[in-house]
Amino acid sequence: MASLKELKDRIGSVKSTQKITKAKQMVAAAKLRKAQAAAEAARPYASRLASVMGSLASKVSGDSAPLLLRGTGADKRHLLVVVNTDKGLCGGLNSNIVKAAKLQAQKLLAEGKDVTFYLVGKKGRAPIRRDYESKIAFNFDTSNVRNIGFAEAEAIADDLVARFEAGEFDVAHLIYPEFKSALAQDPTVVQLLPVPSPGTVEASDAAVEYEPDEEEILADLLPRYVKTQLFGALLEREASEQGASMTAMDNATRNAGELIDKLTIKYNRSRQAAITTELIEIIAGAEAL
Amino acid sequence: MALHFELVTPSKLVRSEDVHMVVVPGAEGEFGVLEGHAPFMSTIRDGAVQVYKTEGGEPESIMVRGGFAEVGEKGLTVLAEHVEG
């Protein structure tokens, strides 16, 4: 049986842990609101770019299409771009992303393809290095950036497009957490390069003039589309991180509360037991006289 | 008679308003867009988009970098990666 002093110290330490988790939960809630607003603000650009891309891609096809749309013609070397967070304390978010990435890698390896990884964010490095140490092509560090923005997406996209044009890989997949709600963030896998041709295209009857021509506009737009996709993924990651962190910290705060209640009951019981023993000793002493 | 003009960047919708005319620095030369312009698509070079709120008024310049302009039934949409001012 732990002594009274030990119990008291234990309660104190759990209480201070609870204070920290509670603070982290409130910070995450505030940041989540900001991240969600940012994700919402990015939607008009993405949807407009996608619709323009769709109408252009349907007009340009065959050999005249740019490399980013056409692809290298091979389907052998796959690059997995895995977007993880930089900080922990966000529940199972990162392990879920890594799990999805490893699943995809196993599937591709089983089909006899080559797989390499391109990691964004710190938290994916260690678990992926454990299984695929020689396969990591590059780690993109975002941990020094306070507010992740379009500049980072641009840097990643430029690097990826350069690697693609240099023929380092044939197909790139993007794996990132999709923010559904504060409780649910699902890892999502989408094909990044070559840019998948959009399925639904509304045929416009109006004759559109292009300046310069369709191919050149498309060649100009494709890298931009890749940037937008990465930017979207980074924003989703931000929102997911805060959402997951909020939920995880809410749970931690509640668990700490339960533990404090239990320890307090135990503390009071042993205190009373000590008092009772003392009383018995006094009474027994008085009777003996 | 007004032209609906939208300026969009990846992080936000910068402008969405009805104006008289917009002069866009196209890759192959500047072009002005008034209401009822034929459907048109162009890449734009880095430069100033000039927005004329009223006919004959002073234009407002917005610097854009890395852009693309589309004129459709709904008006003019400029997609730009960076916007200053």
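Reader: What makes the crossing of helix 4 of chain A and helix 5 of chain A right-handed?
Author: Helix 4 of chain A passes helix 5 of chain A in a right-handed crossing, and the rule is that the near helix is turned from the far one by less than a right angle, clockwise for right-handed and anticlockwise for left-handed. The model is predicted, so local features need pLDDT of at least 70 and side-chain atom pairs count only at pLDDT 80 or more, while totals for chains, interfaces and linings use all residues. Residues are numbered from 1 along each chain as its sequence is written, and chains are lettered from A and ligands numbered from 1 in the order in which they are written. Helices (H or I, at least four residues) and strands (E, at least two) are DSSP runs, numbered from the N terminus.

Reader: Why is helix 4 of chain A called roughly parallel to helix 5 of chain A?
Author: The axes of helix 4 (residues 93-110) and helix 5 (residues 125-132) of chain A come within 10 Å and cross at roughly 25°. Axes are lines fitted to C-alpha atoms, for helices over the stretch in contact, and angles run from 0 to 180 degrees between N-to-C directions. Angles under 35 degrees count as roughly parallel, over 145 as roughly antiparallel, 65 to 115 as roughly perpendicular and the rest as oblique. The angle therefore makes helix 4 of chain A roughly parallel to helix 5 of chain A.

Reader: Which residues of helix 4 and helix 5 of chain A meet?
Author: V98(A), A101(A), K102(A) and A105(A) of helix 4 meet P127(A), I128(A), D131(A) and Y132(A) of helix 5. Two residues are in contact if their C-beta atoms, placed from the backbone, lie within 7 Å.

Reader: What angle do helix 1 and helix 7 of chain A make, and what is it called?
Author: Helix 1 and helix 7 of chain A pack at about 160°, with axes 7 Å apart. Helix 1 of chain A is therefore roughly antiparallel to helix 7 of chain A. Their crossing is left-handed.

Reader: Why are helix 6 and helix 7 of chain A called oblique?
Author: The axes of helix 6 (residues 150-165) and helix 7 of chain A come within 8 Å and cross at roughly 130°. The two helices are therefore oblique to each other. Their crossing is right-handed. Among the residues making the contact are F150(A) and L160(A) of helix 6 and P223(A) and L234(A) of helix 7.

Reader: Which residues of helix 2 of chain A are buried, and what covers them?
Author: Y45(A), L49(A), V52(A), M53(A), L56(A) and A57(A) are buried (20 or more other C-beta atoms within 10 Å of the residue's own; exposed is 12 or fewer, partly exposed in between; C-beta atoms are placed from the backbone). They cover an arc of only 130° around the axis, which puts them on the same side of helix 2 of chain A. The cover includes helix 7 of chain A and strand 1 of chain B.

Reader: What makes A2(B) partly exposed?
Author: A2(B) has 14 C-beta neighbours inside 10 Å, so A2(B) counts as partly exposed. A2(B) lies in the segment before strand 1 of chain B.

How values were computed. Arc of directions from axis to C-beta.
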